[in-house]
Amino acid sequence: MLPALAALSACSGVQSALDPAGEEATQVATLFWVMTVGGGVIWAGTVALALYASRWKRHAATEQGAGRLIFWGGVVFPVVVLTALLSYALWLMPSLRPFGGEATQGLRIEIVGNQFWWHVVYRRDGAEVVSANEVRLPVGQRVEFALESADMIHSFWIPALGGKMDLIPGRTNRLSLLATKAGVYRGQCAEFCGISHALMAFPVVVSEPAEFDAWLEARTRPAIGLDGSPAAARLFVDRGCGDCHRVDGTEARGTAGPDLSHVGSRLTIGAGLLPNDDETLARFIAHPASLKAGSRMPAYLDLPAAELAEIAAWLKGLQ
Amino acid sequence: MSDHARPGAGAVNEDKAAEEAQLRAVWANPTGWRYWTSVNNYQIGLWYGSAAFAFMLFAGLLALLVRAQLAVPENDLISPELYNQAFTLHGTVMMFLFAVPIFEAVAIFLLPPMLGAREMPFPRLGAFGFWSFFIGGVFVCGSIFFGAAPNSGWFMYPPLATSEQAGIGADIWLLGLSFIEVASIAAAVELIVGIMKCRAPGMRVNLMPLFAWYLLIVAGMILFAFPPLIAGDLLFEMQRMFDWPFFDPERGGDPLLWQHLFWIFGHPEVYIIFLPAIALLAMIIPTFSGRPIVGYSWIVLAAVGTGFLSFGLWVHHMFATGLPQISLAFFSAASEAVAIPTAVQIFVFIATMLAGRVIFSTPMLFAMGGIAIFIMGGLTGVMVALAPFDWQAHDTYFIVAHLHYVLIGGMLFPVFAGLYYYYPLIDGQRMSDRVGRLAFWLMFTGFNITFFPMHIAGLRGMPRRVYTYPADIGWDWLNLISTMGAVVLGIGMFAVVMDVTLHRRRQPRGEQNPWNAGTLEWLNEPEENWGVRSIPKVASRYPLWDQPTLAEDVRAGRGYLADAKEGRRETLVTSVLDAEPEQVLRVGGTSYVTIFCAATLGTVFVALTFKWWLVSLAAGIAFVGGVLYWLWTGTGEIPDRDEKDIGHGISLPLYASGVKSTGWWAMFITMTGDGTAFASLVFGYFFFWTIHTDFTGGQAGPGAFWPMAALALFALAWSVTLGAREINRQGSVLATRLLLVLGAVLAACGCAAALAGPWTSAMDPTAHVYPAIVWILVIWAAIHGAVGVLMQLYCLARSLAGRLTPRHDMELHNVALYWHFMLVTALVTFAVVGLFPEVL
Amino acid sequence: MWHLLPKEVESLWTLFTAPVVWAAHFLFCYLAAAVYCEKGFFGAGFDTLRLTIGLVTMAALAMIVLAAFLAWRQWGFGTGDPPHDDPSRRDRLLFQGYATLLLSGLSFVAVIFTALPALFLTGCLR
């Protein structure tokens with residue numbers, strides 16, 4: 001069983017806790033392997049003993065001997081093992097998520113959970129960058145998250161980087177993560193939050209600090225493609241898109257839906273649901289609920305195909 | 001019978017035959033459709049068990065539906081809405097309609113013969129519990145056929161479950177299950193009194209079958225675990241129906257309070273499920289090891305220890321909610337500690353097998369398979385109990401795997417072992433060994449194929465409760481394998497169902513004790529309803545092994561209480577520790593009143609779901625009327641004479657009041673559970689106080705005057721009630737009646753004063769959580785006061801009708817006991833709502 | 001109110017002494033930490049909480065040791081071996097003593113487990 005587990009974990013994907021790319025995830029993966037190997041040995045030993053005991057043709061133990069087995073096997077051994085294990089985990093706890101201190105000096109990301117998407121705000125040195133449904137992090141720098149919810153309880157989880165933390169209405173929870181390996185990972189909502197809970201994911205891009213800084217700096221300004229099609233930008237506002245979505249540098253200032261300021265540069269649309277291209281953007285705009293049940297965005301089935309394509313192309317251009 | 005008169009042998013045989021015929025007639029089931037009014041523990045146990053099994057199969061089908069949907073990525077076999085209803089109902093039904101009720105069923109069926117009693121002490125309460133469970137269960141399960149099943153997960157977290165999106169399903173869950181929880185608490189009362197007070201003479205606590213020890217602990221746990229959920233349900237339903245903001249952060253509430261209350265119930269619940277199943281193993285393993293259990297005291301340690309520790313684990317379901325890590329760590333520690341008594345239990349079984357010679361029968365196969373699976377679930381439990389690991393594993397398929405290893409290994413396999421083991425007690429024949437072994441291997445392999453890959457899927461990031469998942473992120477094959485395993489597991493279960501329904505054609509009528517077991521239940525004759533022909537004197541943990549003449553003496557009617565001359569159903573009451581005979585208890589027989597009460601109470605809950613207020617009110621009045629009729633005609637009867645000869649020169653009283661009466665115990669136990677629910681509400685009050693800087697939210701409080709007035713009035717009513725009991729004992733009937741009237745007036749004024757506090761301050765319970773929690777506490781106290789009034793008036797009526805006399809005064813004792821609890825409730829309520837805000 | 005605690009029950013309840021001490025200790029640790037982390041305690045530092053938990057732990061352990069001693073005495077200071085299954089009052093008492101002693105042992109370990117977090121954690125950490 002154990003070799004099977006080990007073999008399977010070797011080819012883990014982008015959302016695997018066994019393929020850690022963050023400090024907490026690494027520590028916890030180590031803890032996991034220690035426990036798994038130990039647990040496997042204990043399981044095999046106990047079951048072997050039980051199988052031996054259930055053989056008919058063997059010398060029956062005395063009552064005293066059997067009683068001693070209860071004491072050593074059922075009491076002393078577990079107490080020793082559990083004390084060690086508990087101490088290990090308790091020793092781990094304070095160092096895994098160090099809040100305050102230098103952590104607060106660096107990057108701070110606010111996440112607000114919504115049915116079924118993520119509002120993301122980056123804050124550093126007084127600068128504020130609003131985004132949605134994607135998280136970008138620098139390698140080797142501890143990042144503090146502030147987690148809130150606008151409706152239901154959600155849970156923010158990037159398995160490759162660390163454990164999860166709930167987003168609870170009326171509370172602000174904190175999480176602190178330190179990515180150690182650049183790459184693209186996947187996070188997902190882990191607390192059942194309604195009909196499309198399964199479709200509430202997000203890509204996580206971990207890049208070198210310089211690359212990250214450049215990315216963040218670019219996000220403080222309106223998108224490059226904003227003026228690509230003034231007609232489309234006009235349409236976006238006229239058709240009511242701007243009532244719910246914000247696009248930096250335009251009259252679109254809505255806050256009910258995800259911020260679309262640089263939507264063209266995101267890896268996915270619909271919170272990790274679909275690849276980001278003109279075609280999927282148009283599909284999503286035309287009928288969101290058919291792709292994501294319970295989406296609060298109204299359908300735009302009446303929108304002429306040409307207008308739809310124009311808006312989609314413009315959005316894709318917001319880099 | 002009389003040992004002293006010794007006529008001719010023939011005459012003795014004739015006497016015995018007549019005695020037996022009469023006993024049989026007294027305990028006989030009604031025939032025709034009136035069969036369903038039976039209250040006998042065998043019938044109730046069988047119905048209970050069959051219904052629970054049927055619910056389990058239904059929930060199993062839902063699980064197969066879930067697995068079918070997840071077989072391949074991006075599947076669209078069923079809609080997300082149906083998927084969410086299916087998994088919610090799967091969990092809900094398995095937990096509330098199978099896992100807990102099946103043990104109540106087994107206990108009601110097995111305990112009387114195992115303890116050498118004729119019946120449980122309150123057969124009608126057992127029947128009432130069954131019918132409540134059945135009605136509530138059908139209501140909850142039926143909802144999915146109308147697309148109205150609960151869809152927010154079996155844990156029903158607000159705000160999702162308080163929102164519009166939850167629909168009527170949330171009300172069905174809350175009200176349907178509250179109704180079923182009532183049945184569980186009824187069962188707990190019945191089991192505790194049965195085990196403590198209805199054992200055969202000589203069965204001291206150190207000779208009690210281990211099954212009884214486990215069940216005693218479990219019943220006690222129910223009293224402390226279920227009431228917090230009932231309190232939570234109350235707050236929840238107040239928010240859903242009347243917009244009282246207990247879980248709404250906008251108005252001072254907090255969704256986390258529900259999580260606390262739910263898991264204070266939810267984690268002990270796991271052990272409430274697990275311990276009775278282990279109790280079955282503790283009966284099966286000695287039998288097939290051919291020797292008494294090694295480490296009897298260790299089992300008692302394990303059962304009691306687990307029972308206690310299980311109440312210190314609840315926050316490990318909330319490790320990711322952002323509570324301070326220091327708090328999480330306490331619960332991590334307790335969750336690790338609970339592994340110790342669990343390990344002790346496993347090693348007791350291994351030690352017993354080592355010290356004996358094991359016959360590897362079908363029940364043993366299921367037992368061993370269950371243990372192997374359970375140990376693995378236990379080990380992953382030790383892992384997820386550590387907060388850092390749980391931050392990764394929480395709400396993933398790793399947890400799904402863990403909990404199924406625990407529950408299927410620790411509960412389902414032992415229950416199947418119990419089914420194969422105890423089947424001969426149901427109709428005198430064994431189930432098929434061949435089918436049993438085939439079913440075992442199908443279930444065992446199917447189970448592991450289904451659930452082992454889920455560990456890996458979870459660690460690879462697959463969250464729970466997703467109706468679909470993308471391809472190519474490492475979950476595809478694992479899910480397909482799981483689904484195939486589920487089919488194999490399903491086929492295995494189906495084989496057992498076939499065996500149960502078709503076995504009669506294959507198996508010959510077997511012997512009475514086919515496994516050569518040592519405990520009393522194997523004296524039971526499936527075609528007889530009387531429990532035991534006569535009640536034995538027990539002198540061993542395994543009487544059938546150590547007391548060679550016992551079986552024959554019992555069957556020949558040479559034990560205690562061999563007759564039923566007065567045509568009444570009777571059983572013995574004995575002392576708690578040493579089981580010395582104390583009283584002959586006349587228990588209730590066949591009756592419609594149990595079904596009537598269950599049906600009316602069920603109507604109350606169903607009508608509330610649909611907000612049919614008047615129907616609900618009418619049904620509520622009918623229910624109270626039914627209960628009063630039940631009590632009036634079925635309890636506290638003054639016997640035709642004081643004592644009855646139970647044989648062997650012992651005469652016992654037929655009437656007892658106070659501590660000696662089973663009714664007093666029932667009241668004590670019920671009120672303990674009631675007190676726990678009340679404590680949960682008080683916890684809510686202080687919970688809101690901790691999370692806010694100003695927990696009143698600027699709202700006016702009830703002031704100190706009215707709460708203190710209410711407290712004073714209730715205290716007076718309490719002392720007057722106690723006075724009535726004493727005066728009555730001294731023989732002043734008129735003074736007793738006057739005091740009872742005075743007590744009722746005082747208590748009624750107390751209720752009014754209680755409500756006057758928040759009323760005169762115009763506290764609006766929808767404005768903020770502070771007025772809402774104050775109102776709830778005050779209403780709780782006032783309703784209890786009103787019930788107290790009802791009880792005082794009931795005693796008055798009994799006295800006027802000549803059914804309560806200075807010598808026969810059990811009602812007054814029980815009502816006085818109620819008022820002790822009422823006094824504590826009043827003291828805490830009014831000190832908290834009246835004084836706490838003042839001293840702050 | 002003697003009848004509220006009938007002697008019989010009282011003597012069965014001795015079995016639960018040590019676990020009740022564990023429960024009280026656990027509840028104290030949990031509530032103290034919860035209230036401290038939410039509302040503070042008159043400006044006291046976290047070490048005050050740790051120290052308090054330490055002291056309460058000592059008291060709880062002392063009570064459990066006392067219960068264990070009483071149980072040991074009832075068990076005849078270990079002179080009789082289990083299984084204590086004679087149908088006599090004496091064996092019933094021995095059984096009770098032995099089971100109570102075992103439960104005291106478990107509760108002792110559980111109290112120490114519960115106190116360990118105060119040893120390792122240096123703040124509320126949230």
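Mentor: We can go through the chains, then the sheets, and then the contacts between parts. Please keep in mind that this is a predicted model.

Trainee: Fine, start with chain B. How many helices and strands are in it?

Mentor: Chain B has 24 helices and 4 strands. Its radius of gyration is 28 Å, close to the 28 Å that the globule rule gives for 840 residues, so chain B is as compact as a globular protein of that length.

Trainee: And what does chain B span along its principal axes?

Mentor: The C-alpha trace of chain B spans about 85 × 70 × 45 Å along those axes. Buried residues make up 64% of the 840 residues in chain B, and of the contacts in chain B with a separation of 6 or more, 81% are between residues 24 or more positions apart.

Trainee: Which domains is chain B divided into?

Mentor: Chain B is divided into domain 1, covering 514-653, and domain 2, covering 668-839. The C-alpha centres of domain 1 of chain B and domain 2 of chain B lie 33 Å apart.

Trainee: Okay, switching to chain A. Is it compact or spread out?

Mentor: Chain A contains 9 helices and 12 strands. The radius of gyration of chain A is 26 Å, well over the 20 Å that the globule rule gives for 319 residues, so chain A is more spread out than a compact globule. Along the principal axes, the C-alpha atoms of chain A fill a box of roughly 90 × 45 × 35 Å.

Trainee: What share of chain A counts as buried?

Mentor: Of the 319 residues of chain A, 48% count as buried. For contacts in chain A with a separation of 6 or more, residues 24 or more positions apart account for 65%.

Trainee: Let's do sheets. What is the strand order in the sheet of 5 strands?

Mentor: That sheet of chain A is open, with the order S3-S2-S1-S5-S8 and mixed pairing. Strand S3 (127-132) and strand S8 (173-178) of chain A stand at the edges with a single partner strand each, so one side of each is left without a neighbour in the sheet. From one strand to the next, the twist averages 20°.

Trainee: How many bridges join S5(A) to S8(A)?

Mentor: There are 6 bridges between strand S5 (residues 142-149) of chain A and S8(A), and these strands run antiparallel. If you want a pair to find on screen, the bridge partner of Phe145(A) in S8(A) is Leu175(A).

Trainee: And the sheet of 3 strands, which strands of chain A stand at its edges?

Mentor: The sheet is open and mixed in its pairing, with the order S4-S10-S9 in chain A. Its edges are strand S4 (135-138) and strand S9 (183-188) of chain A, each with a single partner strand, so one side of each has no neighbour in the sheet. Neighbouring strands of this sheet are turned by 25° against each other on average, direction ignored.

Trainee: What stands opposite Gly183(A)?

Mentor: Gly183(A) stands opposite Val206(A) in S10(A). S9(A) and strand S10 (residues 201-207) of chain A run antiparallel and are joined by 6 bridges. Helix H5 (residues 209-219) of chain A lies across S4 and S10 of chain A, running at about 135° to S4(A).

Trainee: Where do chains A and B meet, in terms of residues from each?

Mentor: The contact takes 71 residues from chain A and 68 residues from chain B. H3(A) gives the most to the side of chain A that touches chain B, with 18 residues. The residues of that side divide into 44 nonpolar, 20 polar and 7 charged.

Trainee: And chain C, how many of its residues are in contact with chain B?

Mentor: 45 residues of chain C are in contact with 43 residues of chain B. Helix H1 (7-13), helix H2 (17-39) and helix H4 (89-120) of chain C each supply at least two residues of the side that touches chain B, and H4(C) gives the most, with 15 residues. By class, that side of chain C has 33 nonpolar, 4 polar and 8 charged residues.

Key:
Residues are numbered from 1 along each chain as its sequence is written. Chains are lettered from A and ligands numbered from 1 in the order in which they are written. This is a predicted model: local features need pLDDT of at least 70, side-chain atom pairs count only at pLDDT 80 or more; totals for chains, interfaces and linings use all residues. The radius of gyration is taken over C-alpha atoms; the globule rule is 2.2 Å times the number of residues to the power 0.38. A residue is buried if 20 or more other C-beta atoms lie within 10 Å of its own, exposed if 12 or fewer, and partly exposed in between; C-beta atoms are placed from the backbone. Two residues are in contact if their C-beta atoms, placed from the backbone, lie within 7 Å. Two strands pair if DSSP finds at least two bridges between them. Axes are lines fitted to C-alpha atoms, for helices over the stretch in contact, and angles run from 0 to 180 degrees between N-to-C directions. Ala, Val, Leu, Ile, Met, Phe, Trp, Tyr, Cys and Pro count as nonpolar, Asp, Glu, Lys and Arg as charged, and the others, Gly among them, as polar. Domain bounds come from an automatic or database domain assignment.
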